[in-house]
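User: I'd like to learn how to read a model like this one. Could you take me through it a feature at a time?

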Amino acid sequence: MSNATEQLIQSTRFLDSTGRVTCVCCTQESFSNTGYCSHCRAPLDLSRTSAKRGTPVNFVSVLGASGAGKTVYIGMLLDVLSKGVRGIQGLPNNSFSVSIQQHTIGALESRRFPEKTPSEAEGWQWVHCEVSTCAKRKNFLDVVTPDFAGEAIAAELEHPGTHRAISCVVHQSKAIILLIDSLCVRDSGRDEDFFGMKMASYIHSLRTGKASFVGQKKTKIPIAIVLTKTDSCPEAMEDPQQFATDNMPGFAKFLQRNFSNFRFFAAGVVGSSAMFADHRGYFMEIPLHIEPRGITEPLEWIILQK
Amino acid sequence: MTLISKLWGKSTGSTATAEHAAGGHATEARSNGPLDYCRMLTQDAVEASDDELDRAWKAVRDNMALVPDGQVLLAATDPESFCDVAASAAFQATPVASLYLDRYCVTNAEFAQFVSAGGYVLDHLWPTEILSNVLQFVDSTGNPGPRDWVDGTWLAGKENHPVTGICWYEANAYAHWIGKRLPSPAEWQWAAVWAGGANAGHRRYPWGDSFDPARCNTWNSGIGKTVAVTDYYAGCTPNGIYQLIGNVWEWTSSLLECDASTTGDRILTEAPLAEIRGGAFDTYFASHATAQFRSGQTLLFRGPNLGFRCCISAEQLAVASPDPFAFIDEETQS
Ligand SMILES: Nc1nc2c(ncn2[C@@H]2O[C@H](COP(=O)(O)OP(=O)(O)OP(=O)(O)O)[C@@H](O)[C@H]2O)c(=O)[nH]1
Ligand SMILES: [Mg+2]
C-alpha cells in the first residue's frame, strides 16, 4: 500500500456516516454534535481538521507543575511561531488555537500574566498548531496539546486515571516539552525535583506500559526539559543542563537512567518586573516589558529528532 | 591615590585599565577627537581661544541635536494607566527646556576612552554608597568595564555599536566625565516627538504614528542583536537623532516612580528602578517601543540590551554662545 493511500485510510477512519467522530486523542467515538469528546474532552474539531487534512496528527504535549509557566509558554510559542523565526513557522489550525495565543499575548502586552488555568478539563484550551520547518520539504509537526492545569497534572500523577485527557495526550505524544520553574528550583527546596521525578516516571510507565523500572530499556521519546522564568534566574539561563544537574539531582539521574533522548533548555519572557499591590493587600507579579528568549529552541530540537 | 583606586587594589588601577583599552581593537571610534567639547563650552569657556571654541561648537553640531523647548505629555504611572499600554489612558503635561541631545547612543569605542582615562577609579564620579559595587563593574574577564567586554575591550566588530552591559551608575559616571548628563524621561520623549508639531503630544514614533520594522531594530526586525549606532537612518528624528526607538533601551536620569491609584492600588518594586526608554533589539511588542512607553530596570542591572545617550541643557551652552539657536540660522542660511 502506498504511503498516500495509507494516510487517506487513516484519516477517513475519524469520520463515519452515522455522525460519529473518532477522537484523535483517545481514539474513542463521540457524537459529532457534542463539540467535545465525551471520553477525554478533546475538541472534536481537532479530529475533523486532521481528518480533512489527510495526515495523522503528531502530538507534542506541554506538561509542568502548577505555576511552571505553561500558559505563558504555550501562548508565546504560538505567537512567535505565527510570525516565523529562523525558518520555523507555525499556523494555528482552529479558532480555539488562536484563543490561548490571543489571551496570553493580550495579557503580556498589557503588563499582566494570564490567569491561572481552571482545574476542570472543560476549561482547558486546546491548541493545534501546524509547524513546518521548510516549505519545500513539507516537514510537518503538529503541536497538539491542551493547556492543562498544573493541579490536574498533579492529581493525575498521584492517582493515574483521574484525568483521561492527560494520559491520552501523553500516550499519543511523539515528543514532550516538560516545563520546570527555575525560580522554584533555586529558591524553594526540592519540590520541583520531586515533581520532575514523578512526571518522568509517569511518562515512562505510560510509554512502556510497565510501572516497574527494573530491567526496562530506556524510553526513546524525545523530552525537551525547559527551565522557565530564567529571565530572573541567570544561572539557569547560562547553563540549563548544569543548573538542573546541580539543583535537581534526583530528576537528572532518573532521566539519565530511563530516557535515551532528552535535552535541557532555558526560556523566559520578561525583561523587567514589578509587583502590583491592590488596596486589599493582594500582590501579583507584573511584567514591565516583554523579551522572549529560548521559546522556539525546544521545538526546533524536537523537529530534528523526527 | 584616590579612595576608589585603593579599593580596586594593585591589579585594576587606571594604568592597567589604560593598557587594556590601548591593547584593544585598533579600529577608530565613530567620533574623532576629545569627547569633552561640552566642558570646553561651559566650565573652560573663559580660558578658551576663539579657535578652540569654534572647534567645540562644531563638535556639538556634529554629535548633538538641538531640541527646542516645549511641553511633553508623559504617560501616567498609576496602576490603571500603567497597565493600559495600548490605550495609554492618562497623560501628564510636563514642560521641557531646550536641550542638546546626543545624535547617537554612546558607543563601545567612546566608552573605551572613559575606561582608559581611568574613569572607574575617579572618586568624584561615583557616589560613596556604591563604592563597593564599583569593584564589581567588571567585564567577563574581571577588568573594569562593561559586562560584555572581554580582556578590557569590546567584542570584535562592535566598536560603533552602543555600549551595553553598563549599569545606571556607569552611564551617569561617563556622562559626568564628559561634561554632560543623562536626559530626563521628559527630555528624552520630547526629543523623539517634538517635530510632530500639533500632534507631538500623542505621536508614537519619531517618524509618525505607525510602527515600521524597517525604521528600528526591535524583535520584529528579526536581527536579534545590536547594530551600529549609525544604522536605521530612516528612523531618525527630523533633526537627526538616531535610534531613539529600538536597538537598545536607554537609561534616563530619573527613577521610575509609580503613583497610587485613587482606590489605593500600587505598583511596588523590591529595589528602585531607573526609568528606561525606547525599547531594544529584543523588545517583543511594538507598543513597548514607543516614544511614550515607560519601563524601568534596577540601578545595578548590566544587561546586553540597555545603553544610553547624553545631553546638556541649551541654557548651559548659552554661556559660551549667547544665542543657543544661532547654529539653526547658520544652517538654514548655508
Ligand atoms: N519572570 C517570569 N515569570 C513568569 C514567566 N512565565 C510565567 N511566569 C510567572 O509564573 C506564573 C504562572 O505562569 P502560568 O503560565 O500561568 O503557569 P501555568 O503553568 O500555566 O500554571 P497553571 O495554570 O496553574 O497550571 C505567572 O503568573 C508569572 O507570575 C517568565 O517567563 N518569567
Ligand atoms: Mg496555566
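Predicted model: local features only at pLDDT ≥ 70, side-chain atom pairs only at ≥ 80, totals over all residues.

User: Let's start with the metal. Which residues coordinate the magnesium ion (ligand 2)?

Analyst: Ideal angles are a handy reference for a metal: 109.5 degrees for four tetrahedral donors, 90 or 180 degrees for six octahedral ones. Here the magnesium ion (ligand 2) is coordinated by OG1 of A:Thr71 and OG1 of A:Thr117, at 2.0 Å. The two sit 46 residues apart, with A:Thr71 in helix α3 and A:Thr117 in the loop between α4 and β5 of chain A.

User: Are A:Thr71 and A:Thr117 buried or exposed?

Analyst: Both A:Thr71 and A:Thr117 are buried.

User: What secondary structure does chain B have?

Analyst: Chain B has 11 helices and 10 strands. Of its 334 residues, 57% count as buried. Among contacts in chain B with a separation of 6 or more, 74% join residues 24 or more positions apart.

User: And how much area do chain B and chain A bury between them?

Analyst: Interface size is often given as the accessible area lost when the parts come together. For chain B and chain A that is about 2,200 Å², with 56% on carbon and sulfur atoms. In chain B, B:Trp219, B:Tyr284 and B:Phe285 lose the most area to chain A, together 27% of what that side buries.

Notes. Residues numbered from 1 in each chain as written. Chains lettered and ligands numbered in written order. Heavy atoms only, no water. Donors = N, O, S within 2.8 Å, 3.2 Å for Na, K, Ca; no water. Helix = DSSP H or I, 4+ residues; strand = E, 2+ residues; numbered from the N terminus. Buried < 20%, exposed > 50% of the residue type's maximum accessible area, 1.4 Å probe, protein only. Contact = heavy atoms within 4.5 Å. Buried area = accessible area lost by both parts, 1.4 Å probe.
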